[in-house]
Amino acid sequence: MAGQIPRHFIDELLARTDIVELIDHRVPLKKAGKNYQACCPFHNEKSPSFTVSQDKQFYHCFGCGAHGNAISFLMAYEQLEFVEAIEDLARLHHLEVPREQGKGPQRPQAQADDYSQMQKAAALYQQALSNHETASAYLTNRGISAATAEKYGIGYAPESWDFLLKQLASTKSQRDQLFELKLINRNENGREYDFFRDRLMFPIRDKRGRVIGFGGRVLGDGTPKYLNSPETRLFHKGRELYGLYEARQNDERLNRVLIVEGYMDVVGLADKGISFAVACLGTATTPDHMQTLFRLTSTVTCCYDGDRAGRDAAWRALQSALPHLKDGVELNFVFLPEGEDPDSLVKQEGKAAFLQRLDQAQSLGIYLFDHLVKELDVSTDAGKSALWAKANELIKQIPSEFYRDALYEKLQALVGKNVKTAARPVAKTAVAAAATPAPKITPMRRAIALLIQHPVLAQVMPVAPELAQANLPGIQLLLALQQKLLQQPKATTAQLLEHWRDTAEYNILVKLTLWDHQVAEEQLTQEFLDTFRSIEDQYLAQRLEELQRKDTLEQLSQAEKQEFVLLLKAFKSK
């Protein structure tokens, strides 16, 4: 961040952004007094403890402790890096992100160039598709319309060994970049050649629509059938989902998401009007995938082939989902007839019939116990004991008390005894788990808390530069806050906190922002001034003691004698 995006631009973004509007677009909020509330999007809870302050432009969950400003929320909710969150906010306000020139690391610019190269590659593949009859005919024969192919950016990698090399790499540094992005390969002799050749190309986009990798499908009988981009600095297959960006273009708040196994399944379903399907990228469904999906939708349906491989994939998906099953979300499963996949089935039976299959999906509980019971003989005590042990290990991972109770009831019915009390884990409440000790409120911390929560108080705060010499913990922070607010009188709490992000003082500032000072609004100014005067008194007492020590050891100067007399009179008059 430092030396890259100007601080004044970050302040401007926060000034333009209404955090209530930003969060409400993703997590519906309800007015509660001066603030807004919702059930926290970052942990499981039944009653709302997630609070958003429009005055402070700050959010805080009293359950799990999540907190921050608009930038922090985007980073946590959308799983973005700091710079990505800034760029998203800038786009929201139709602003270009400026960059400072300096000698510091230029990683954000280098990454922007990476994305540019990936986009250029995608455009070249798309252009090649339009000029290749066999590849175009393949899509036509699979029932994929030109509009769907364009929406998903489908292209073709020619059979040539140097299709991309010739057009994207005229220098050694560009060839190195393409190699690092896995668009080209190098053999043992140092020969360079295109990574993808003679394949139908599916661009993989991140949450912001940037191309980060590719999936390539052979047109004939070659192997492997699918070839995916290896891991790079842009592409991490365990975090990304093919088709998620396109699904969110249709509806930012997805009602449901369908997990399928392949690129063609996603594209084929979209062509028939089912545009909420996503696919994993050559890997099993991961906990990161599930966490992402449950933040974006309330219903996730896993749709797999009915064979052993499909059921194994479904089981891995269930295991990945359990730690993220919060109240209000639903996970279910659909298994297709043998020999069918979503793409072939939707073409065969149509959209309405396919959607009906989804509506009749197996619930989490039915699938979980069906899977476990098939492996055990629950007519015996040994089988029941094994079922209890295996089921309990899975159920206790679920944060939702509702889901846990429902599954324990099913387990009780299967084993014929009350397992609920014995099996149920002793759950720590979210509040207990996230409890943060309240800061000890000294006069200094009270002054800082009042000032950061109510920046307008800087206008009545006396300017006392001599306090910089005081041996008082926190005085430098208090004076720095005052200086910042004198330079930027309209700064909000959110902007002040952003200024101290990544500093040692940030955590204490957050705690003081959250501290309930219980001072009535009409009494804030007097309370702050009284607190500030008590800090001045501490400094003056220190100064008087210092002069007394000096007077004992050596001669005071004339100015120091006058100061000493004035301080004595001042303290005697109190």
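## Salt bridges, cores and helix packing in a predicted model

Glu-84, Glu-87, Asp-88, Arg-91, Asp-206, Arg-208 and Arg-210 are joined in a network of salt bridges.

### Salt bridges

The count of salt bridges comes to 29.

| Glu-192 | Arg-186 | 2.8 Å |

Asp-530 and Arg-533 belong to one helix, α25 (residues 524–553). Because they are three residues apart in that helix, about one helical turn separates them. Asp-530 has a relative accessible area of 39%, so it is partly exposed. The value for Arg-533 is 43%, and this residue is also partly exposed.

In the pair formed with Glu-192, the partner Arg-186 has a relative accessibility of 29%, which means that Arg-186 counts as partly exposed.

### Nonpolar cores

In soluble globular proteins, nonpolar side chains tend to be buried together. In this model, the largest nonpolar core has 60 residues. Within this core, the residues that touch the most other members are Tyr-125, Ile-154, Leu-200, Phe-214, Tyr-242, Leu-258 and Phe-354. Helix α5 (residues 107–130) supplies the largest share of the core, namely eight residues.

What does Tyr-125 contact, leaving aside its neighbours within four places in sequence? Its contacts are Gly-155, Tyr-156, Ala-157, Phe-163, Leu-164, Phe-196, Met-201 and Phe-214. Another core lies apart from the largest one and has 43 residues, among them Cys-302, Tyr-304, Tyr-367 and Ala-391.

### Packing of helices

Two packed helices are described by the angle between their axes and the distance between the axes. Two pairs in this model can be described in this way.

The axes of helix α13 (residues 308–321) and α16 come within 11 Å and cross at roughly 120°. The two helices are therefore oblique to each other, and α13 passes α16 in a left-handed crossing. On the α13 side, the contact is made by Arg-311, Ala-314, Trp-315 and Leu-318. On the α16 side, it is made by Leu-364, Tyr-367, Leu-368, His-371, Leu-372 and Lys-374. Tyr-367 is also one of the residues of the 43-residue core.

Helix α13 also contains Ser-320. Its relative accessibility is 9%, so Ser-320 counts as buried. Not counting residues up to four places away in sequence, Ser-320 touches Thr-285, Thr-286, Pro-287 and Met-290.

In the second pair, helix α21 (residues 443–453) and helix α24 (residues 506–514) pack at an angle of about 75°, with their axes 8 Å apart. That angle makes α21 roughly perpendicular to α24. In the contact, Arg-445, Ile-448, Ala-449, Ile-452 and Gln-453 of α21 meet Ile-508, Leu-509, Leu-512 and Thr-513 of α24.

### A covered helix and a buried strand residue

Helix α11 (residues 263–271) is mostly covered, with eight of its nine residues buried. The buried residues are Tyr-263, Met-264, Asp-265, Val-266, Val-267, Gly-268, Leu-269 and Ala-270. After α11 comes Gly-273, which has a positive phi near 95°.

Thr-51 is placed in strand β3 (residues 50–53). Is Thr-51 buried or exposed? With a relative accessible area of 12%, Thr-51 is buried, since buried means under 20% relative accessible area. Not counting residues up to four places away in sequence, Thr-51 touches Asn-35, Tyr-36, Gln-37, Phe-58, Tyr-59, His-60 and Phe-62. Thr-51 and Ala-520 are 469 residues apart in sequence, and their C-alpha atoms are 20 Å apart in space.

Key:
Residues are numbered from 1 along each chain as its sequence is written. This is a predicted model: local features need pLDDT of at least 70, side-chain atom pairs count only at pLDDT 80 or more; totals for chains, interfaces and linings use all residues. Side-chain values use heavy atoms; hydrogens and water are left out. A salt bridge is a side-chain nitrogen of Lys or Arg within 4 Å of a carboxyl oxygen of Asp or Glu. Buried means under 20% relative accessible area, exposed over 50%, partly exposed in between (1.4 Å probe, protein chains only). Helices (H or I, at least four residues) and strands (E, at least two) are DSSP runs, numbered from the N terminus. A nonpolar core is a set of buried Ala, Val, Leu, Ile, Met, Phe, Trp, Tyr and Cys residues joined through side-chain atoms within 4.5 Å. Contact means heavy atoms within 4.5 Å. Axes are lines fitted to C-alpha atoms, for helices over the stretch in contact, and angles run from 0 to 180 degrees between N-to-C directions. Angles under 35 degrees count as roughly parallel, over 145 as roughly antiparallel, 65 to 115 as roughly perpendicular and the rest as oblique. A crossing is left-handed if the near helix is turned anticlockwise from the far one by less than a right angle, and right-handed if clockwise.
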